[in-house]
Amino acid sequence: MKKTIGMTLAAIFAAAVTLLPAPGTSLSAAGRDYISIVGSSTVYPFSTVVAEQFGKTTKYKTPKIESTGSGGGLKLFCGGVGVVHPDITNSSRRIKPSEVELCTKNGVKEITEIKIGYDGIVIANSKKAQRIKVSRKDVFLALAKDIPSGVGESLIPNPHKTWKDVNPSLPNIKIEVLGPPPTSGTRDAFAELAMEGGCTTFGWIKDLEKKDGKKYKAICHGIREDGAYIEAGENDVLIVRKLEANPNALGVFGFSFLDQNADRVQGSIVDDVEPTFENIADGKYPVSRPLYFYVKKAHVGMIPGIKEYIGEFTSDKACGENGYLIDKGLIPMPAQEREKFRKDGKDLKDLSL
Amino acid sequence: MNRAELNSHEDRLQLIKSKLKWRYAKENIFRVSGIIAILLAVSMLAILFISIIGSGYTAFQQTFIRLDIKFDQDVIDPDNKKEPEALSQADYSALVKTALSKMFPDVSDRRERRDLYSIVSSGAAFELRDMIMGNPALIGTTQQVWFPADDDVDMYIKGHIQVEAEGSGRIKESTVQWINALTESKSLKKRFNTTLFTGGDSREPEIAGIWGAVVGSFYTMIVTLALSFPLGVATAVYLEEFAPKNIWTDIVEVNINNLAAVPSIVFGLLGLAVFLNFFGLPRSAPIVGGLVLTLMTLPTIIIASRASLLAVPPSIREGALGVGASRMQSVLHHVLPLALPGMLTGTIIGMARALGETAPLLMIGMVAFIVDIPTGVFDKATVLPVQIYLWADSPERAFVERTSATIMVLLAFLLIMNALAVILRKKFERRW
């Protein structure tokens with residue numbers, strides 16, 4: 001018995017030792033030979049496809065991509081220059097001046113900004129239910145924490161229980177919206193585009209923007225916390241499943257999930273525009289946002305393949321009108337804009353805010 | 001009822017008899033509630049298995065489409081250079097498109113053509129490239145090749161998505177006609193999905209596989225085992241056999257027990273701060289994953305090892321010391337071999353826990369999209385549970401069944417490890 005156990009142990013350690021490379025080789029491996037990418041979970045499905053194509057069609061290794069969220073990605077990206085820091089970060093919003101400052105402080109002085117296309121945020125419900133037709137004002141009145149009372153410039157806590165309360169032309173069903181939590185870029189964009197869009201239909205709130213920006217933001221971006229808006233986590237697949245189970249609920253998520261699940265859910269019509277590919281590309285659909293990635297110029301030349309990766313991402317083959325990213329749900333930019341960012345990528349143009 | 005009444009033997013017998021029925025009933029209730037508890041647990045497990053297997057078993061098959069590919073010299077190597085560089089750059093998707101157009105010559109509309117080309121996986125071009133790179137003599141010949149079908153076609157064949165009117169679904173009427181034509185000519189069939197086991201991750205479900213994650217898990221586990229087993233056993237032996245009982249060893253003991261209950265994400269944060277930021281080890285590497293999981297499994301191994309050392313009767317030690325062995329000899333020659341089976345069981349169970357862990361790996365960057373199969377412990381890698389997490393989050397419908405299939409593979413690994421622990425214990429365990 002002793003022998004058997006002894007031999008098993010010896011075998012385990014022999015295996016372990018042979019698999020651990022000699023220390024010398026390991027440290028040289030720390031000089032990374034693949035691109036490291038972090039950032040937005042919205043851009044992740046697109047950048048992974050590009051990375052895969054890039055890895056298969058070029059002599060470079062496939063880049064590694066982590067989905068950390070836009071804010072988390074920029075924090076890592078601005079951590080400094082060197083192989084331990086990522087080379088590229090994806091973002092579903094533009095970089096903020098405070099983040100540029102952080103970057104500069106840590107020695108990341110030159111950044112190139114590339115816009116890759118647009119993403120629509122849809123409000124959808126199950127195909128078993130009727131398609132909903134709302135305006136951004138309805139969305140604001142249904143989901144805001146406080147709404148104008150109608151008397152002067154005062155606010156009351158949102159009293160609306162059903163969509164009919166919001167607007168008599170809407171169906172008499174309980175307001176129940178599943179959406180992303182505050183940490184998500186999708187939520188930021190939803191608040192900014194849908195909620196704020198509805199919020200500014202009230203003249204006095206619009207005037208507030210210049211007078212008291214903080215209060216304006218609190219009114220327009222504040223989402224109610226009494227159970228009508230349900231934070232469903234970052235997993236959009238989950239929201240789609242929940243909508244299927246509950247035909248009365250609405251969900252908020254990215255267009256690519258609507259595109260992939262078109263047989264289960266339907267996008268609500270917002271301000272008389274249906275969230276279709278064409279309407280988002282034309283800019284008719286009001287709730288859409290641009291997607292970006294940022295490149296650390298100091299790493300170009302240090303890590304192999306960065307320029308070629310940018311080239312692949314900005315090529316017509318990827319983000320052009322018939323590109324493979326379009327099949328994955330990306331909304332392309334107009335040809336002129338594409339050309340501009342392709343050139344920016346080629347010249348590694350410095351970011352100017 | 002007072003004592004006086006119970007005085008006679010008869011009375012007491014009467015009382016016992018009258019209560020007997022109730023006592024039996026109580027015992028039955030107790031037993032039945034035990035059985036109900038077990039049944040509940042088993043049915044939960046059954047529901048879990050049925051739902052996972054039910055949604056995952058289809059992933060082990062994949063729809064393939066047969067095409068007659070003409071390896072056209074003009075397309076692949078027009079200048080007849082025969083250089084690998086030129087061969088790898090050629091437009092292989094054109095070959096697939098030509099083959100499809102030949103099969104359905106009456107498709108002429110641009111949009112329809114696009115739909116037609118998309119019924120075969122976009123990985124087909126890479127497959128052809130690999131064929132030519134492996135054997136350039138194929139240029140100029142015509143070969144029958146089976147390609148994986150696009151994930152939407154695959155989902156349609158498996159009945160996971162239906163055709164919807166007016167092109168609102170993922171599959172259009174025209175595509176269905178092509179699929180029917182292909183099925184009739186026996187050019188479309190389901191086969192075992194080997195890619196799922198041999199491929200790396202991909203964003204195209206039909207060419208995505210778990211091999212990269214399996215290899216990553218393997219490297220991570222090797223690092224964990226190589227570090228945590230010797231460290232854990234040494235700690236346990238010292239604490240149990242040599243350490244004096246004083247306040248310091250008490251503090252160590254309390255801390256070890258405490259660490260066993262710390263949420264695993266905390267170890268991830270620790271790993272980020274210490275291994276990545278301080279020691280500068282590479283992000284997303286199995287070496288760091290292994291180190292972090294070592295921290296997590298160490299307490300489990302130490303506690304199990306101490307328990308099995310404690311189970312060795314003192315007479316063994318005293319016997320050894322009595323015939324003149326030193327303390328070290330008595331431990332190494334007698335106590336440790338007897339305690340090892342228990343230690344191994346604890347180690348395997350600890351490793352099984354580590355194998356299913358994702359939370360600490362999130363912090364050190366192992367939750368990432370990685371296509372290449374890792375080649376060592378310093379290479380970028382991901383692990384099986386992370387693969388499940390990433391696929392569960394993907395919009396493509398075909399990833400749903402692949403997620404469940406991966407869960408099945410992970411469960412199989414866990415089952416094997418736990419069975420191994422039971423077998424080892426049964427085989428080597430000694431009772432005194």
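Helices here are DSSP runs of H or I with at least four residues, strands are runs of E with at least two, and both are numbered from the N terminus.

## Model and confidence

This is a predicted model: local features need pLDDT of at least 70, side-chain atom pairs count only at pLDDT 80 or more, and totals for chains, interfaces and linings use all residues. Residues are numbered from 1 along each chain as its sequence is written, while chains are lettered from A and ligands numbered from 1 in the order in which they are written.

The complex gets an ipTM of 0.78 and a pTM of 0.82 from the predictor.

## Chain A overall

Chain A has 353 residues, and 44% of them are buried. Buried means 20 or more other C-beta atoms within 10 Å of the residue's own; exposed means 12 or fewer; partly exposed lies in between; C-beta atoms are placed from the backbone. The chain holds 17 helices and 13 strands. Its C-alpha trace spans about 80 × 65 × 40 Å along the principal axes.

Contacts require C-beta atoms, placed from the backbone, within 7 Å. Of the chain A contacts between residues at least 6 apart in sequence, 73% join residues at least 24 apart.

## Two domains

Domain 1 of chain A covers 2-118 + 291-347, and domain 2 covers 120-289. These bounds come from an automatic or database domain assignment. The domain centres, taken over C-alpha atoms, are 32 Å apart.

Across the boundary, 13 residues of domain 1 of chain A contact 17 residues of domain 2 of chain A. The domain 1 side comprises 4 nonpolar, 7 polar and 2 charged residues. Here Ala, Val, Leu, Ile, Met, Phe, Trp, Tyr, Cys and Pro count as nonpolar, Asp, Glu, Lys and Arg as charged, and the others, Gly among them, as polar.

## Strand β1 of chain A

Strand β1 spans residues 36-39. A:S36 and A:V38 point one way, A:I37 and A:G39 the other, and all are buried. Strands pair if DSSP finds at least two bridges between them. β1(A) pairs in the parallel sense with β2(A), residues 64-66, over 2 bridges. A:I37 stands opposite A:I65. β1(A) also runs parallel to β3(A), residues 88-91, with 3 bridges. There, A:G39 has A:N90 as its bridge partner.

## A:Y324

A:Y324 sits in helix α16 of chain A, residues 324-327. A:Y324 is partly exposed because 19 other C-beta atoms lie within 10 Å. Leaving out residues up to four places away in sequence, A:Y324 touches A:V49, A:K317, A:A318 and B:S122.

Conventions
Contact = placed C-beta atoms within 7 Å.
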